[in-house]
Amino acid sequence: MHVTTWTESCVGSGQCALAVPEVFDQDQDEGTVRLLDADPSQALQRRVREAAISCPMQAISVSESR
Amino acid sequence: MTADAIVPHPTVRNCPFDPPAELATYREREQMTRMRYPDGHVGWLVTSHSLARKVLADSRFSARSELKRVPVLRPGADPFFGAPALPGWVLDMDAPEHTRIRRQLAGKFTARRMRNMRPYIEEVIDDLLADMTRAGPPADLIESYSLPLSTHTICELLGVPYAERADFQRDSKVLFSLSSTADEAAAAMDRLYDLVREVAKAGGDGLLRQLSAEGELTEDEITGIGVMMLTGGHGSVSTAIAMGAYALLTHPEQLAKFTTDPALTDNAVDELLRYVTVFHFGVPRAALEDFEFAGHSIRAGEAVTVSLPAANRDPAWFPDSPGELDIERRTSGHLAFGHGIHQCTGQSLVRVQARAALSMLFGHFSQLALAVPTTEITLNTRTSPVYGVLRLPVTWPVPEK
């Protein structure tokens, strides 16, 4: 799994950082997404997929090819 | 009824947790339905999950208050709908005004900061549970637990003294009540502005002082943000927590799972938020231009109401009995906090509060029960945009001395 985030569309809702703090954090000033781990381990992948679905701005994309 | 019938927003419920049955009927027929607003305007009611997400993510559907219409009769909204947004009220603004203000707020509401409030929240909860234990059963869970918790939390966050609660709790109720007159709501708003303006000036630390110190927003904007968060951040959160407890108490098999497996808590809270969806009259929007959307011709100026309860019960998104409470269900994508740029800024704080509130409540009172039959529990179906119990009398066994 490979994760991509689009900071410019992010509104900082923080759903991803609350759901998978191992993979997503937020900029402490602007609240926008900071990707900590673009290639999360198997154990985190289900939660990462859910975070991508939950993002209100669709600013997270997940590709399964890698 | 034909497919072309124009319907009002339904409000009558047959079960405390199920949205009005008409919403499912409309959704099965079509994803959006022509709806007649209380002022006679004919707009749209969106009932499907996929279309709800599309509308709330589409900038052609404006959130500007001068264009929006109230889906159910609410005279108290008259001073604020059909008029430009009050300074700081981001939920009534589109980009770029919305973007400029939300950017100043998002960093203050990060998941990390909200998680860092957990020790404070737990301390408040410990005190409330000790008070309830001391006073003995029965207790109103709202008066004794969920309302003081949400009020303490929002006061701590904003820097508003807790001692002011009686006034702002009363004025918030007047502001949102469906039975308030325009004058009553406007006067309540004025009093709330006076309170928050004083707080923002007075010092102490909290979000309002921090925003003032940063100097990026005007004093009026900071006051507006404070009023919006103070009014929106205690009653609705308290109601959601109380409704969550009510749902668990009336679903014993779910409550048993909840109390035996702490790993379920986070998902259970999101399932409860989905299941009860307290913002029951939906999210208002208005079309900015003429365009084709989901097979319909939308005209500029038409009002659109996105029914969050209907979307959250849509079997197309929640395939396994969406009308049932299932704390192990996959809940991602639920719309209890809305969607798009206006999705609730405080949602992480709500989750942190609700998780602590429900797990600690049922952990402390392992045999908590309703103190009255469910038929005696009153729900505010038609009094407020926030749906829920007015009081939740609960009881618990007291060990004999």
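Trainee: Which residue does A:E50 form a salt bridge with?
Mentor: With B:R330. The closest N and O atoms are 2.7 Å apart. Keep in mind that this is a predicted model.

Trainee: How many salt bridges cross the interface of chain B and chain A?
Mentor: Two, by the rule used here.

Trainee: Which helices of chain B supply at least two residues to the side that touches chain A?
Mentor: α3 (97-106), α4 (111-115) and α15 (347-364). α15(B) gives the most, with five residues.

Trainee: What classes of residue are on that side of chain B?
Mentor: Nine are charged, nine polar and five nonpolar.

Trainee: How many residues are in contact overall?
Mentor: On chain B, 23; they meet 22 residues of chain A.

Trainee: What area do the chains bury between them?
Mentor: About 1900 Å², with 46% of it on carbon and sulfur atoms.

Trainee: New topic. What is the strand order in the open sheet of chain B?
Mentor: β4-β10-β9, three strands with antiparallel pairing.

Trainee: Why is one side of β4 and of β9 left without a neighbour?
Mentor: β4 (139-140) and β9 (369-370) of chain B stand at the edges, and each has a single partner strand, so one side of each has no neighbour in the sheet.

Trainee: How many bridges join β9(B) and β10?
Mentor: Two, in the antiparallel sense; β10 covers residues 393-395 of chain B.

Trainee: Which residue in β10(B) is the bridge partner of B:A369?
Mentor: B:T395.

Note on methods. Residues numbered from 1 in each chain as written. Chains lettered and ligands numbered in written order. Predicted model: local features only at pLDDT ≥ 70, side-chain atom pairs only at ≥ 80, totals over all residues. Heavy atoms only, no water. Contact = heavy atoms within 4.5 Å. Buried area = accessible area lost by both parts, 1.4 Å probe. Salt bridge = Lys/Arg side-chain N within 4 Å of Asp/Glu carboxyl O. Helix = DSSP H or I, 4+ residues; strand = E, 2+ residues; numbered from the N terminus. Nonpolar A, V, L, I, M, F, W, Y, C, P; charged D, E, K, R; others polar. Pairing = 2+ DSSP bridges.
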